Amino acid sequence: MDGLPTLQGLLKQLQRVPYLASKNLYRVANHFLSMTPEQLEQFCRQVREAHERLIKCPRCCAWQEQTGNCQFCSSPKRDHRLICVVETWYDLHTLEKSGGYTGEYHVLGGALSPLDGIGAEDLSIDRLLRRIDGSCNEIILAMNQTPEGEATAALVARALRNKSIKITCLARGVPVGGTLEYMDRLTVCKALLERRDF
Ligand SMILES: [Zn+2]
């Protein structure tokens, strides 16, 4: 790429995108270079708008529009006796898409991972403890069945031990090491329906 500093710059930015496999860098760069100016403008505007307009719900930490209310915390149609604790907002969307859950959520913001420098203080456990009141009678721990997810579930359960509240977790209908993100709808519904005491 010598003599093409602009292309080098684009590839360098793409390299900083986590989860983008390096073997796909050139394909993604090619996709951007092939866009019409209008498509590029629309893409950039959407990223900027999402960045500017989405905030985390102060109660459950799910994304919400800056100008609106959280669709989960404020909905009278949801079952406010249940709180399902998930690692990330995309796990929340997997559960939501399954159609098998109508309670509230709590997004921790990740899982314990000493290697990545993520400790208990980086997760929204304090916020979870603060929001639990008399109206909630069950907490479902829906962390991923990975070592990090299981350590996180144990940590949350320990933090909740003085709350005299029922704590359950998803049934093990999923392969060990499985993450919610890649589960199909029926498996998610089954894991929720057959949840067991933690
Ligand atoms: Zn909320």
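In this predicted model, the protein chain splits into two domains, with domain 1 covering residues 5-55 and domain 2 covering residues 72-197. The centres of domain 1 and domain 2, taken over C-alpha atoms, are separated by 32 Å. Along the principal axes, the C-alpha atoms of the chain fill a box of roughly 65 × 40 × 35 Å. Of its 198 residues, 22% count as buried. Where contacts link residues at least 6 apart in sequence, 56% of them join residues at least 24 apart.

Turning to secondary structure, the chain holds seven helices and seven strands. Followed along the sequence, these elements give the pattern α-α-α-β-β-β-α-β-α-β-α-β-α-β.

Five of the strands come together in an open sheet, whose order is 4-3-5-6-7 and whose pairing is mixed. Its edges are formed by strand 4 (103-107) and strand 7 (196-197), each of which pairs on one side only. Within the sheet, strand 5 (residues 138-141) runs parallel to strand 6 (residues 166-169), and four bridges connect the pair. A handy place to look is Leu141, which stands opposite Cys169 of strand 6.

Helices also pack against these strands. Helix 6 (residues 147-159) lies on the sheet and touches strand 3, strand 5 and strand 6. The direction of helix 6 makes about 160° with that of strand 5. Helix 4 (residues 89-98), for its part, lies across strand 3 (79-86) and strand 4. Relative to strand 3, helix 4 runs at about 130°.

How values were computed
Residues numbered from 1 in each chain as written. Predicted model: local features only at pLDDT ≥ 70, side-chain atom pairs only at ≥ 80, totals over all residues. Pairing = 2+ DSSP bridges. Helix = DSSP H or I, 4+ residues; strand = E, 2+ residues; numbered from the N terminus. Contact = placed C-beta atoms within 7 Å. Axes fitted to C-alpha atoms, helices over the stretch in contact; angles between N-to-C directions. Domains from an automatic or database assignment. Buried ≥ 20, exposed ≤ 12 C-beta atoms within 10 Å, placed from the backbone.
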